[in-house]
Amino acid sequence: MIPLQLTIRGLSSYQKEHHIDFERLLEGQLFGIFGPVGSGKSTLLEAMVLAMYGDTDRLNRSGDNRNYNLMNLKSDELLIDFQFVSGVAGRTYRCIYKAKRNKKHFDRVMPPEHSAYVREKGEWVPIPIKQIEEAVGLNYANFKRTVIIPQGKFQEFLQLGPTDRTKMLQHIFGLDKFDLRSKVKSLKVKNDLALKEKEGGLQQFEQIDETFIISLRKEQEVLQTELQKSEERGRFFKSIAEEVSLRVKIQFRIARLRETLTASRRQLKERNETIQLLTVQFEQTKRAYEALGKARREVDGLIRIIELKKVEKDLDDLQQQLQAKQQEFEQLKHKSSEIREKLKILEKEQTELQSRRKNLKQLTVLDTWFKDRRHLYERKIAFQEEIEELTLAVEAKLEEARKQNDLTAGFTNFEDGLEWLQLEKLKLEQSLDLIREEEKHLAIRDQLDTWATALKDGEQCPLCGSKHHPEIFDVKDTAKQMATLLKRSKELLRQLQIVRANEEKWVHLRASSQSLNDQKRMRIETLDKWEDQLTDFDQTFPQGPYTLGDEQKVQKELEDCLAREEAFDLLSKRVGAQREALDNILAELQKIERSRQALSEKQAASKARRSTLRELFEEKTLQKYDGLSQVQIKEQIQQLKDQIRVTETAHQDEENRLHTAHQHRNNLIGAISTNESHLAELHTELKQCEALMQEKIQSSDDNWAVDWAREMNYELFQQKLMEVERQWEQAKEAFVKLEGRLVQAEKDIATKERLQKEWNLLVERAGNIQVLTNLFKGNGFVEYISSIYLQELCEAANDRFYRLTRQRLRLEVNDKNQFIVRDLLNQGKTRSAKTLSGGQLFQASLSLALALAENVRRQNGLSQQFFFIDEGFGTQDEESLQLVINTLKSLRKEGRAVGVISHLQALQGEIDVFLTIQNDELEGSTITKSWEV
């Protein structure tokens, strides 16, 4: 998981909306989040986890009223918008967590809206929130142990019990695949079911053996003999039945054919009488039809008269169109002359303006050059101003430090002031040590005085045991001296606290001053580059009639040139518009000319057609129809056409009726001839059928069948034939059933043998499964695999832990899967990991967490992984802290990004890119980015 963007508003101490660009933070792959205790640093981690999983450790119980307590008391809305990349495919995900306060009840917050999205083709596509865990590959608990490790969780993996640690490794590395109990159990159930199934199958075939099959084969031979005899009798009866059936059919066809011949002869006589009557009627219609020629010629003449009138009308219309086109042509010609005159004037103006245009390209290049130089100069001034501001800020830091104490007011730099404060602190600490020694001495004297006062002659001394006390120790004014020392001690402690506070403030201000000086140095270096760049840029001034001081002149001439260019462009557009109008008119003139030519050609063709049509008629014929309209002539034509159509229809009908009658008569004659020939053939076929039937009867050896075959009663013979066929079917059915029983018995024998072999294999498999059941009993195998993973993880962690502890300690896993430490400074003996100091515990936890994160990265096939630490650096001394920092920096070479949260100033100085969190009483937590300072 690699974070991209985080936006928060109204969460805990964050009142206003803040946006964090992790892509900028992760450029160096190591960044920090710094700020005082309680400023809101850890809230950023809590926001990411809450957006992804909707859960948080700080407020997770039902009585916590989590929604209310998460929201800033000055806000009415909570928003977390988190984007990140995860998975092998590197898909981008987005989680949004929103909540609103009830407008009427301040202490009530509406249930949050929790949604998730994935980016596909540039758009956010909604997905179930549960898919976020699948995309990351870690649940809520393991995510906090391996990726984002909040306060109180950093040492959790090291301190987990063996069972909980095994469950964690089982989830992260998918060790469920090694839990084979259910699979072995499933195999056993399946095998037991298969055994019962085979045993049930074998019970079905207990009665099947070779003796049973032999008895069936004997019964089959008897039935086969009976079936053959019945089949032969059936074939004989069927053969005779075919001949009997054929004879009956032939006799029936002969009777039907005789009836058909009688009817056909009667129809032939009637058809001859009809043909004689139709012939007389057709001759009458034929004479009227032959007289239609005159009427057709008259129709053709009238049609041409109509065409002639239409041609003369078209000629009149064409003449009018030609006159209109000629008038339009003259008008456009005059208009084109006017446009040509205007175009000459405009082109003359364009030529004059062209001669006054200057070199616009040269002026544009010069103007751009002057603008670029002005930009460089402004950047130089801006850096100078920033340097002055940083100088004042450094002086202000020193002035602020000098105001801490009147004794430090005279120092002109931080080093002298800090040196004096450290010497002063050393003097005060030495004075305090002397007073404490004196206090111890006075305390001893006071105790001796107590013992001396209690001595009595004759009683033993508690120190030397003597019963005689010649010189008793006498102490005077011990209490007064102790009071004086106590007073001096308090005064020195007060002074020491003041000096230490001043020293801490001076150290903080010196770090801030150094940071400002670093920024000032960077600005000065950048300013030098800008000045060099400005000098180099001046060398690129274009050669020509202008100098570096002609910027105003170039701007003025460029404005004039642009104005002339604008006027020239406007005039060019007018010239173009006039030319376009002239071209349009010329094109229209060409179009009109083509139309005139087409009309003239059409007029000449119409005149030629009129002359042709007039030549077809005499003058008196034309005069006859001159007074008639086309409508009247068309009415005459229609009358003639109706007369012709009626006569033609009557002639055609009579001709068709006569032809049909002749065709029917010829068909009857042919049918009679064909039927007579067919009747003779049927008589011959009947004789052949009777002869063949007698031949079949004489060739049979079955006397019973022959007697029945001689019976020529067709219906009785058919009944007997059906009885013979039924007997044959019964015999065949019995034979087929017996044959099926025999085949099935042979199959059952083969099945019984197969089932016996399979049963034997299943019994052997059951023994093997029992061995597997004993092997994978309980959770032992998963714990064994987990221990291997844990040992490999421990070895990977030792690469760093060994270096961090200066080659003194190594982590190991004992036979109970518990972490132990091998102490190389004590003959390599082992001891519990619980004996590690706070700093060593942090180093061990860091090494394990990094190794675990690396394994998660490889497990998910990722090229880069993100890792966040939120505690532990305060437990390290200066040398150990530097080792930890170097370790974190080295992770960049391994393709991992690391973020750290701390309030340590020393750690901040080691990290280039960071966020600074401050908690303001009015505005809440605010975020300052190191690259924007």
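View 1. The model is a predicted one, in which local features need pLDDT of at least 70 and side-chain atom pairs count only at pLDDT 80 or more, while totals for chains, interfaces and linings use all residues. Residues are numbered from 1 along each chain as its sequence is written, and side-chain values use heavy atoms, with hydrogens and water left out. Thr7 belongs to strand β1; strands (E, at least two residues) and helices (H or I, at least four residues) are DSSP runs that are numbered from the N terminus. The side chain of Thr7 is joined to that of His19 by a polar contact of 2.8 Å, where a polar contact is a pair of N or O atoms within 3.5 Å, of which, within protein, one must be able to donate a hydrogen and the other to accept it, and residues adjacent in sequence count only if both atoms are side-chain atoms.

View 2. Most residues other than glycine have a negative phi. Is Ser12 buried or exposed? Ser12 counts as buried because its relative accessibility is 19%, whereas Lys121 is exposed, with a relative accessible area of 87%.

**View 3. Salt bridges between parts of the chain, with Asp55 and Arg66 as one of the pairs.** The structure holds 21 salt bridges, each being a side-chain nitrogen of Lys or Arg within 4 Å of a carboxyl oxygen of Asp or Glu. Asp55 and Arg66 meet through their side chains in a salt bridge of 3.2 Å, N to O. This pair links distant parts of the chain, with Asp55 in the loop between α2 (41-53) and α3 (66-70) and Arg66 in helix α3, 11 residues apart. Asp76 and Arg101 form another salt bridge, at 3.7 Å, N to O. Asp76 lies in the loop between α3 and β4 (77-86) and Arg101 in the loop between β5 (91-100) and β6, so this pair ties together parts that are 25 residues apart in sequence. Asp76 is exposed, at 54% relative accessible area, but Arg101 is buried, at 6%.

**View 4. A salt bridge between the side chains of Arg91 and Glu120.** The N to O distance in this salt bridge is 2.5 Å. Arg91 in strand β5 and Glu120 in strand β6 are 29 residues apart, and the pair links distant parts of the chain. Arg91 is partly exposed, with a relative accessible area of 33%, and Glu120 also counts as partly exposed, at 36% relative accessibility. Elsewhere, a network of salt bridges links Arg9, Glu17 and Glu77.

**View 5. Helix α2, which is mostly covered.** How many of the 13 residues of α2 are buried? The number is 12 of 13, and the buried residues include Leu44, Leu45, Met48 and Tyr53. After α2 comes Gly54, whose phi is positive, near 65°.

**View 6. A negative surface patch of Glu525, Asp528, Asp532 and Asp536.** Patches are made of residues with over 30% relative accessible area and no salt bridge, with like charges joined within 9 Å and nonpolar side chains (Val, Leu, Ile, Met, Phe, Trp, Tyr) joined within 5 Å. Asp and Glu count as negative and Lys and Arg as positive, while His and the chain ends are not counted; the place of a charge is taken as NZ of Lys, CZ of Arg, CG of Asp or CD of Glu. Asp528 lies in helix α13 (residues 478-538) and counts as partly exposed, at 37% relative accessibility.

**View 7. Ser925 and Ser13, 912 residues apart along the chain.** The C-alpha atoms of this pair, Ser925 and Ser13, are separated by 5.4 Å. Ser925 lies in strand β15 (residues 924-929) and is buried, with a relative accessible area of 0%.

Terms used:
Areas by Shrake-Rupley, 256 points an atom, 1.4 Å probe, with all protein chains shown as cover. Buried < 20%, exposed > 50% of the residue type's maximum accessible area, 1.4 Å probe, protein only.
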